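Look through the structure below, then follow the paragraphs one part at a time.

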Amino acid sequence: MIRNRITDWALALVLPVLLLVAYDGWARTADDFFFPPLSEIGGTFADEWLFTRIPTDLLPSLVRMLAGFALAVLIGVALGTLLGFSRTLSTALDPVLQFLRALPPPALIPVSLLVFGAGDSAKVFLIALGAVWPVLLNTVDGVRGVDRTALDMARSYRVPAHARLTRLVLPAALPRIFAGARTALGIAIILMVVSELIGADNGVGYVVQLAQRGFDIPEMWAGTVLLGLLGFSANALFVAVERRVLHWHLAISGRATTGRASSAPRRRSRRTTPNPTEAAGARRP
Amino acid sequence: MLDVRDLTKTYDPAGTPAMADLTFTVGEREFVCIVGSSGCGKTTMLRCLSGLVAPTSGTVTLDGVPVDGPPKDMAFVFQDYSRSLLPWMTVAGNVGFPLPYKGLSKAQVAAATAEALAAVGLADRGDSYPWQLSGGMQQRVAIARALAYQPRILLMDEPFASVDAQTRADLEDLLLDIWRRYDITILFVTHDIDEAVYLAQRVLVLRRPAHVHEVVEIDLPAERDQLATKQLPRFGELRSHVLSSLRAPDPAVLPG
Ligand SMILES: Nc1ncnc2c1ncn2[C@@H]1O[C@H](COP(=O)(O)OP(=O)(O)OP(=O)(O)O)[C@@H](O)[C@H]1O
Ligand SMILES: [Mg+2]
């Protein structure tokens, strides 16, 4: 088991290492101004991002991204739960939601700059607006898919409505909510960068753009690498949290990888809602 | 204790009712089994009795109080027990889930949960998750949840339909044992005639649309045993009686 995990790790590292080595070898011989060797990018990375720019650019970026993401999850789950419960409400709101969802978030940058000014709120707004949809749509699906028998059970035991919501409906919808939130996280990172390209005076995206305009190529690459690492770690962190919170769901649906759930999954594909993927993003609420 | 009068339920106003003029009473501490063919409206009846759905007409009274929502002293074990267990809660969490809302303190919930799990022979599985247990064990968890709730009346909807014969026999004896030890009235729906005759003091034969076709008093010795009781000649007679009652042509639909 442990041996397996080590070999898995090694296997996963082979390709990235090969790619880096190949790039470095090529960049040294090609001597292209736009593609500096790894040592140069690495050096700049260490100089700039370890740790001088962390408080001035990385943290502001991260705070805005997390604020936008948190807002998206909060609004998505709250509104999604309401819409999941009430057909009337979802029919009434559907056209407006479809319209808002159809707007490409970057197109809203001018409007949000006018409304919120050039500060953080415009950027947080943009991130939240772009990231809310997968959470919202998945929550609606999740809430609608809650097992009727489970709801009847809670009602027959006179469990009050608020407890049915927090202890039954939301946990049952959680696999879908997580699937939506994971997509939302990716969108939030993209919009974090996009929002820093116009009307910003700090942030990772801002630094990368500034470096590109000033032909400071190693700096541009260092920022790009940082963004890649950021997305990678954010996703890894998310998966770790998901594995903890949804261990029961992963065990039932047979996706448990680490030794959390001790026994093999039994029975039931009935309750697990139809494979919670990002696909719901393509459906209407 | 439970009084059902002229209960009718029509799902589709254009079609035939699922339940028509169902009338019967159940006394304090009685064990009543209800048999009927698949689709004759047994689940519909239980859902009306438990206040989960409103009947189209007719009344249900429990201890003289009309039922218009889930009553306080009633527990319902569902036909599809595995879906009534919540997979994100441990076994103990599932059993204790309804109790805080009954006003029990944390310590009381823990005590009631432990006692109920011990009663169904799952004292050591409280920390497992339902999906880590076998079907029969899951069914026992659902029963433990009902016991921990300390109902005065227990409704059970074909609770043993999806477990193997041996587990089923064990669960039947467990239920009889619980019924004798606790002050509890049991209404048990099944389509298994042997099971009904073995468990009950009285068997109600339901015909479609759900109405009581016949009431069969089970005059077997109070002490039941899977082998001895089922070998009694009287057991065979009763089971044939119930079977023929289920199958007999309905006088209501006969011409003349
Ligand atoms: N929610 C519903 N909406 C419409 N029709 C329903 C509903 N529930 C049950 N019925 C219909 O009512 C009739 C009785 O169903 P019910 O589930 O009560 O039968 P049952 O006796 O419990 O059957 P089984 O032994 O298979 O569980 C069936 O014809 C069924 O199609
Ligand atoms: Mg049924």
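Two strands pair if DSSP finds at least two bridges between them; strands (E, at least two residues) and helices (H or I, at least four residues) are DSSP runs, numbered from the N terminus. This is a predicted model, in which local features need pLDDT of at least 70, side-chain atom pairs count only at pLDDT 80 or more, and totals for chains, interfaces and linings use all residues. Residues are numbered from 1 along each chain as its sequence is written, chains are lettered from A and ligands numbered from 1 in the order in which they are written, and side-chain values use heavy atoms, with hydrogens and water left out.

Start with chain B, where six strands form an open sheet with mixed pairing, in the order 6-7-8-3-9-10. Strand 6 (74-77) and strand 10 (211-217) are at the edges, and each has a single partner strand, so one side of each lacks a neighbour in the sheet. Strand 3 (residues 31-35) and strand 8 (residues 185-190) of chain B run parallel and are joined by five bridges. B:Val32 has B:Leu187 in strand 8 as its bridge partner.

Now turn to ligand 1. Polar contacts (pairs of N or O atoms within 3.5 Å) are listed here. An oxygen atom of ligand 1 lies 2.7 Å from a side-chain N or O atom of B:Lys42. For B:Gly41, a backbone N or O atom is 3.0 Å from an oxygen atom of the ligand. B:Arg208 has a polar side-chain atom 3.3 Å from a ligand oxygen atom.

Key:
A polar contact is a pair of N or O atoms within 3.5 Å; within protein, one must be able to donate a hydrogen and the other to accept it, and residues adjacent in sequence count only if both atoms are side-chain atoms.
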